[in-house]
Amino acid sequence: MIISLYQLTLTLDTPGAVSAPESRAAGGGGDDALPVARDHEGRPAVPATSLAGSLRAHAAAGGVDVLFLFGGTRKEPDPEDPRRERTVPVASPVRFLGTRTELPRSAPTTLHRTRNAIDRRRAAPAPNALFTRELLPPGTEITVWLRLDADPVAPGTPAKERTEAHERADRAAKKRAETLERILATWRPVVGGSRGTGHGRGRLTAVRRRTLDLTDPADRRRWLLKGGPSLFDDADDITQAVLGDRAAEREAAEREAAEGTGGEATERAGKGTHAAQAGAEDPLLLGRVLAFDVVDALHIGTGRTAEETEAAGDGRRGTKRFLLHRDHAGRPVVPGSTWKGLLRTRCEFILRSLGEDACAPLSPWTARAADTADATDTAGATGTTSAAGADGATGAAETPNAAGCDTCRVCHAFGHTGRRGRLVFLDSPLLAPDTPGSGAPGPAQVTSRNHVALDRVTSGAADGALYTHEVVEEARVELRILDEPPSPADASPPDPLFLDVLHLALYDLHTGALGVGHATTRGYGTLRGAENDGGATSPSRASTAQYLESAAHEARARIGQALSSPSSSSLSSSSLSSSSLSSSSPSSPSSPSSEAAV
């Protein structure tokens, strides 16, 4: 009987964790951080069940016989009544023995990520919706121990057939081992929730294997006398054999990031981490990274403040300093959740402007308000029936709902509370402006801007109302949107109309019609597509500004043609075929607003 033992090492490229809300301190306040799962010694942990489910789903998506490798249930004729079927459980040959989580030396503690839900009606932070999650930092290593068993030989097997049965079981075990190693080569595990905003993205960095033949006395002695991680002491390193070129590329990137000292090392490490978030094997939705430059100032806060005292020490009152959102390396960052919420809302608006269905899911607190005081007003204003009508629902284009409709283009792309979408938005560090010959850019410089509230009666400064915002005034930020369908059934190409609408929303971001972060109505949050991120270094590749202007012009032309077609009463995917997406030689768009241009 052959037993194969595997030791896998997974490395997180982005923050992530499996949360354990049941371990939250009793009686804690509403803003207590949602804690990560921990073991009996209080160390952060990733349950083996999470990784087992991830690997099983990956095998199923790759066309592997899941029952052969991971067990399950199968149907077979009932011996007592051949006309009926019975369900027979099949034990999993692959066993997840356990995991161990180690934080990186550069970030030996967990980090906290604070987010706030947005009220869809007011386009402002929703009340009492601020929440914080505890996360494992990028670079965290998760060691996983697996055991792959051979099929057992039935105890009643005759002696003459026992040898052949063992040989047959060993051949099946070798086939299972080959299949397991093949799916490990392409496995990209995601740990925990918030997948749509890039959390928990990991990669396999090391594979070790030890094979024990229990018919061999030495192996049998080791199996009986040793246990736990000591069984893997003499395991063979098969990383190169399993991962191939991926292993060599990762090692080269890690060596490059580790070179240098001081600021140079920090810059290289930051560049390596950001590149790892969307490697060459990750499918970029638009086929490229979009670079934007900050035009005025950008503030994306954490919802937290720090009290500052004047340096003069004259006893004056401290001012509130609103902190900028930062990543694990201390760099200011635009969270993936910001990109996702901003572009989702804009896509919904454009689709509804075109007469297409686009639901706007409400948060629970907003939904409750809509069901009470505002339900009648909303129905009257939109010309639809009340949300409490005969069928309990209204048109998705007019009346928002709490869960999402699961039928419109926006829900399929961005997801909702009951279903994961296909788009993934990664965090975007704010980096110093790209200067030719400067090498890898470092983090953008953070400055402060002071504000004071005015007294409406005296028209002067209100007493005690001085506050400060941390802002970034000059920076470049790169937007990465990945296309990762949640299941093989959703692996069809993205909807052509949605891609056009997304390009129009991105164009609005480029022209300044759509702002990012705080105070977008008073001089904050304006971005513009970079003009030197493509053409200057590669003449055949357009810059982000050129790409967005061209894509928006083509999208407006296709949508306008579909709207003016007498045979089409509304836009549809059939009106915008995939072949029409490759039209060339567009002229520059002339209107700053995508909706007005359409």
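Me: In what order do the five strands of the open sheet stand, and with what pairing?

Reply: As a general idea, strands of a sheet pair through backbone hydrogen bonds, either parallel or antiparallel. In this predicted model, where local features need pLDDT of at least 70, side-chain atom pairs count only at pLDDT 80 or more, and totals for chains, interfaces and linings use all residues, the open sheet of five strands has the order β4-β7-β1-β8-β9, with antiparallel pairing. Residues are numbered from 1 along each chain as its sequence is written, and side-chain values use heavy atoms, with hydrogens and water left out. Two strands pair if DSSP finds at least two bridges between them, while helices (H or I, at least four residues) and strands (E, at least two) are DSSP runs numbered from the N terminus.

Me: Which strands stand at the edges of that sheet?

Reply: The edges are β4 (94–102) and β9 (236–237), and each has a single partner strand, so one side of each is left without a neighbour in the sheet. For β9 the partner is β8 (residues 202–213), which pairs with β9 in the antiparallel sense over two bridges, and R209 stands opposite D236 in β9.

Me: Which helix packs on the sheet, and which strands does that helix touch?

Reply: Helix α4 (residues 217–225) packs on the sheet and touches β1 (2–12), β7 (141–149) and β8, and the direction of α4 makes about 120° with that of β8. Contact here means heavy atoms within 4.5 Å; axes are lines fitted to C-alpha atoms, for helices over the stretch in contact, and angles run from 0 to 180 degrees between N-to-C directions.

Me: At what angle do helices α1 and α3 pack?

Reply: Helix α1 (residues 48–61) and helix α3 (residues 159–184) pack at an angle of about 95°, with their axes 10 Å apart. They are therefore roughly perpendicular to each other, in a scheme where angles under 35 degrees count as roughly parallel, over 145 as roughly antiparallel, 65 to 115 as roughly perpendicular and the rest as oblique. The residues making the contact are L55, H58 and A59 of α1, together with L180, I183 and L184 of α3.

Me: Which residues of helix α8 are buried?

Reply: An α-helix has 3.6 residues a turn, so residues three or four places apart point the same way. Buried means under 20% relative accessible area, exposed over 50%, and partly exposed in between (1.4 Å probe, protein chains only). In α8 the buried residues are G336, T338, W339, L342, L343, R344, R346, C347, E348, I350 and L351. Helix α8 (residues 336–353) has 18 residues, and G355, whose phi is positive, near 85°, follows α8.

Me: In which sense, parallel or antiparallel, does β19 pair with β12?

Reply: Strand β12 (residues 319–324) and strand β19 (residues 461–472) pair in the parallel sense over three bridges, and K320 stands opposite Y467 in β19. Strand β18 (residues 446–454), by contrast, runs antiparallel to β19 and is joined to β19 by eight bridges.

Notes. Expected span 1.5 Å × (residues − 1).
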